[in-house]
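Work through the exercises below with the model open, and compare each step with the solution that follows it.

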Amino acid sequence: MIDVHYWPTPNGWKITIMLEECGLAYNVIPVDIGGGDQFKAEFLRISPNNRMPAIVDHDPVGGGEPLSLFESGAILEYLADKTGKFLPRSGHDRYRVLQWVHWQMANLGPMMGNANHFKNYGKNIAGDPKQLEYGTRRFVGEVDRLSGVMDAQLSANQFLAGADYTIADIITWPWAMAIGRLIDESMWDKFPHLKRWVDEVGARDAVEKGFAVRRDLREQKLTEEEEKRRRDLLFNQTNDSVRKAREAAAQAAS
Ligand SMILES: N[C@@H](CCC(=O)N[C@@H](CS)C(=O)NCC(=O)O)C(=O)O
């Protein structure tokens, strides 16, 4: 059995989609990132970067102690190797897939996260809207550029890494499908090949199932004050945030 430490966000969906695609049994453990679960001592032991997703495989490849992993790219690579699915075991094709996996982790995810921050969340945080202009232009511009990179690749290939559906598609879809909502739905007109792929991947049974996992958790109704507390927790993190959480946990344990 695999425990998935999860919240329904693009990085969380990558893992539930992969588990559904592979037909692996899993147990969802919610990590309420607005409520501060990512700072709990037991979670930091699994995911020292205080971010979800993370997994614990109680029946790991090669046997032995349960294996815990954080970082969605590493988790997908592990699950692919465990099942022999969606990532060739060796050869050129393996690296063709992994280059797109790393591309998503280092480019599309962070740039979309920052674009969303400056364009949407920032409004409630920055006192002066002018402070948001440069960041919005820079990161929305990057998302536009990256959409063009995917569109060009998908104009010549059915899937991101070539002819086969792989972890490159699984890791990228949960972010790519939200680009229209982030920038403007009319942007799809500029990227028809990307749109074709988003629709095709989104129609897969396992993708629909993985995307629906614990959707109810997104539907919490929060008061203005709770919203503010969540924003403060998520968008004001420094080294102190983690240090204080570690100290509190050590004190509670002593
Ligand atoms: N590179 C990480 C990113 C994970 C990440 O940023 N997770 C967010 C939710 S999508 C999170 O846990 N945020 C909690 C926080 O900001 O404190 C991965 O791909 O696993």
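**Helix packing**

H3 passes H4 in a right-handed crossing, where right-handed means that the near helix is turned clockwise from the far one by less than a right angle. The model is predicted, with local features needing pLDDT of at least 70 and side-chain atom pairs pLDDT 80 or more, whereas totals for chains, interfaces and linings use all residues. Residues are numbered from 1 along each chain, and side-chain values use heavy atoms, without hydrogens and water.

**Exercise 1.** Determine how H3 and H4 are oriented to each other, and which residues make the contact.

*Solution.* The axes of H3 and helix H4 (residues 92–119; DSSP runs of H or I, at least four residues) are 10 Å apart and meet at an angle of about 155°, on a scale from 0 to 180 degrees between N-to-C directions of lines fitted to C-alpha atoms over the stretch in contact. H3 and H4 are therefore roughly antiparallel, the term for angles over 145 degrees. With contact taken as heavy atoms within 4.5 Å, Ser-72, Gly-73, Glu-77 and Asp-81 of H3 meet Arg-94, Leu-98, Val-101 and Met-105 of H4.

**Exercise 2.** Find which residues of H3 meet H6, and how the axes cross.

*Solution.* The axes of H3 (residues 72–83) and H6 (residues 167–176) come within 10 Å and cross at roughly 145°, and H3 passes H6 in a right-handed crossing. On the H3 side the contact involves Ser-72, Gly-73, Leu-76, Glu-77 and Ala-80, which meet Ile-167, Ile-170 and Ile-171 in H6.

Key. Helix = DSSP H or I, 4+ residues; strand = E, 2+ residues; numbered from the N terminus. Parallel < 35°, antiparallel > 145°, perpendicular 65-115°, else oblique.
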